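This briefing goes through one protein structure by topic. Keep the sequence and the 3D view at hand while reading.

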Amino acid sequence: MNEKIKKHILDLSVVRMCELSPGYFEIHLISACGTIPEMHPGQFVQVRVDGSPETFLRRPISVNLLTVDHTELWLLVHAVGAGTKALACLNEGHTLNLVGPLGNGFTLPSSDEYDTHPLLVGGGVGTAPLLFLGQELSQRGIRPTFLLGGKRKSDIMQLEHFQLLGDVALTTEDGSVGERGFVTQHSIWHTDAFTQVYTCGPKPMMVNVARIAHEQKIPCEASLENMMACGLGACLCCVEDTVEGNLCVCSEGPVFDTSKLKWI
Amino acid sequence: MSQLTTNIGALTLKNPVMTASGTFGYGIEFEDLVDLTGIGGIIVKGTTLEPRQGNPYPRMAETAHGMLNCVGLQNKGADYFCRNIYPKIKDIDTQFIVNVSGSSPETYAECAAMMAELERIKGIELNISCPNVRQGGMAFGTSCSGASSVVKAVRAVYPNTLIVKLSPNVTDIAEIARAVEAEGADSVSLINTLMGMAIDVERQRPVLSINTGGLSGPAVKPVALRMVWQVFEAVKIPVVGLGGIMNATDAIEFLLAGARAVEIGTANFIDPAVTVKVVKGINDYLDRHGYDRVENIIGLAHKQ
């Protein structure tokens, strides 16, 4: 848990926009003061989208990466709705207003757990927080394995960054790269032994990942993205039905131990 | 610097800007982002006698210049508030007002009586206007007799400032305001959300889990302002105005229409620090127009 990390209202400048593949954008942001505040993998920011009555509310976007020197914040955006499409049109030099970091991130293994072998399972744009998580694990001397999936090769993003941090296994539904099928069907589940699973992606994918982890008796954490308004635990719109009742994804998640969720 | 103090019954606010129930949690969720002591009052989320799970997800839909919600009064109950939340907020230097809801006049009254025991809670806002619950809520707020029955029950057990939050989903809001005034309410706040809905055209189903929800945000502001104007002319008790206030200009419109204080709701989601900016904006406006007290502009638009 990382409730102690201070929240901020930040005006950051776009320093680089990269279209990684059609519709997927990597946005690099910098701060005028040079340093971006502390954030934890799995946390998110609420991004203000200006310009249209239809994009009235902020958009919750998970932290893709905070560089080790805290100079750059990366967001990975899949332009699917009005808000994300507007974000995809940003230019270098544009100022983006964010509230964050918000929510609770992934639980990191303590440094004395030597035999830690985490598996990070992501689908589509859901791979975004796993890059930051992979960097944090790597900083702690842990080499993670990534299992990334998409419909086709162009849905697999930032592969070169993941490969620097750990072993990478891939699946695509059309077989254009990696094993054909879903992440839950990859052979790695049978060949390797993992001590922890972290997952982020479409809900049906995460549910199935959590089921496999449960069968293999591996602890599993999932990052949810229910529709939200405030991002701060005030409006109670983004709730997930859990064994503890309705919990806010924004403030009591977005990362949950899957044993708490009514998925299995 | 003008005098921004305003009074709602026996309750003194250091400035006329409060946060609307259900949009600002218990305040502490926002403490990293805004100076809570710069806010005139914090109206904490709807509290009922017993805990409530609220409605199923999805509870929110974004609409043009606003949003719909059907949260349905999810809260951990009055006892939890008294034991776990009150100790965390009682030393923060602003007025905390608890929004109280119920399913019968008796449960409203019992919850209100528990709040009366809390020294630092000097007022409650009675929610007779929640559009998202089957029992109680708006069912009371849409008829004079229903509204009167709740206010009467609460007034009998609650000695401190009693604000009654009115529903806009009525034919004549002034009539309801007069009915609650007659039962001894100290103030009325308006408006709660307007009933609305959104349909997902791909799924061909309503977006919200219970089909309908309450509309808030700048889309409702002209409606809210009109109702504040009408209620100001209908009652003698102080009016608290809310509905789509996004900035100081919006807030000043409500003050000119007759509100002695305003509540900011949905705007907190867009800018968590909006409240203190509105306070500053009101102050600047008073200075610019040569008024030394905010009281001088309340209801001013009614005068010739």
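The domain assignment divides chain A into domain 1 (8-102), domain 2 (118-222) and domain 3 (224-264). The model is a predicted one.

**Domain 1 and domain 2 of chain A**

- The centres of domain 1 of chain A and domain 2 of chain A, taken over C-alpha atoms, are 23 Å apart.
- In the contact between these domains, domain 1 of chain A takes part with 19 residues and domain 2 of chain A with 16 residues.
- The two domains bury about 1500 Å² between them, and carbon and sulfur atoms account for 68% of that area.
- On the side of domain 1 of chain A, the residues that lose the most area to domain 2 of chain A are Tyr24(A), Pro41(A) and Leu76(A). Together they make up 35% of what that side buries.
- Four strands of chain A each supply at least two residues of the side of domain 1 of chain A that touches domain 2 of chain A: E1 (8-21), E2 (24-31), E4 (59-66) and E5 (73-78).
- Strand E4(A) gives the most to that side of domain 1 of chain A, with five residues.
- By type, the residues on that side of domain 1 of chain A are eleven nonpolar, seven polar and one charged.

**Chain A and chain B**

- Chain A brings 29 residues to the contact between the chains, and chain B brings 33 residues.
- About 2700 Å² is buried between chain A and chain B, with 62% of it given by carbon and sulfur atoms.
- Phe56(A), Met227(A) and Leu236(A) supply 24% of the area that chain A buries against chain B, which is more than any other three residues.
- Which residues form the one salt bridge across the interface of chain A and chain B? Arg59(A) pairs with Glu62(B), and their closest N and O atoms are 2.8 Å apart.
- Between chain A and chain B there are eleven residue pairs in polar contact, both residues being at pLDDT 80 or more.
- The elements of chain A that give two or more residues to the side touching chain B are E1 and strand E14 (245-248).
- The side of chain A that touches chain B divides into 17 nonpolar, six polar and six charged residues.

**Aromatic pairs**

- Over all chains, the rule counts five aromatic pairs.
- The rings of Tyr26(B) and Phe81(B) form a tilted aromatic pair, 5.9 Å centre to centre and with 35° between the planes.
- Tyr26(B) is in the loop between strand E3 (17-19) and strand E4 (41-47) of chain B, and Phe81(B) is in helix H1 (residues 78-89) of chain B, so this pair ties together parts that are 55 residues apart in sequence.

**Backbone features**

- Most peptide bonds are trans, and most residues other than glycine have a negative phi.
- A cis peptide bond with omega of about 0° joins Gly100(A) and Pro101(A). Pro101(A) is in strand E6 (residues 95-102) of chain A.
- Tyr57(B) and Pro58(B) are also joined by a cis peptide bond, with omega of about 0°. Pro58(B) lies in the loop between E4 and strand E5 (60-63) of chain B.
- Lys217(A) is a residue other than glycine with a positive phi, near 55°. Lys217(A) is placed in the loop between helix H5 (203-215) and strand E12 (220-223) of chain A.

How values were computed: Residues numbered from 1 in each chain as written. Chains lettered and ligands numbered in written order. Predicted model: local features only at pLDDT ≥ 70, side-chain atom pairs only at ≥ 80, totals over all residues. Heavy atoms only, no water. Domains from an automatic or database assignment. Contact = heavy atoms within 4.5 Å. Buried area = accessible area lost by both parts, 1.4 Å probe. Nonpolar A, V, L, I, M, F, W, Y, C, P; charged D, E, K, R; others polar. Salt bridge = Lys/Arg side-chain N within 4 Å of Asp/Glu carboxyl O. Polar contact = N/O pair within 3.5 Å; in protein donor to acceptor, adjacent residues only side chain to side chain. Phe/Tyr/Trp six-rings, centres within 6.5 Å; stacked < 30°, edge-to-face > 60°.
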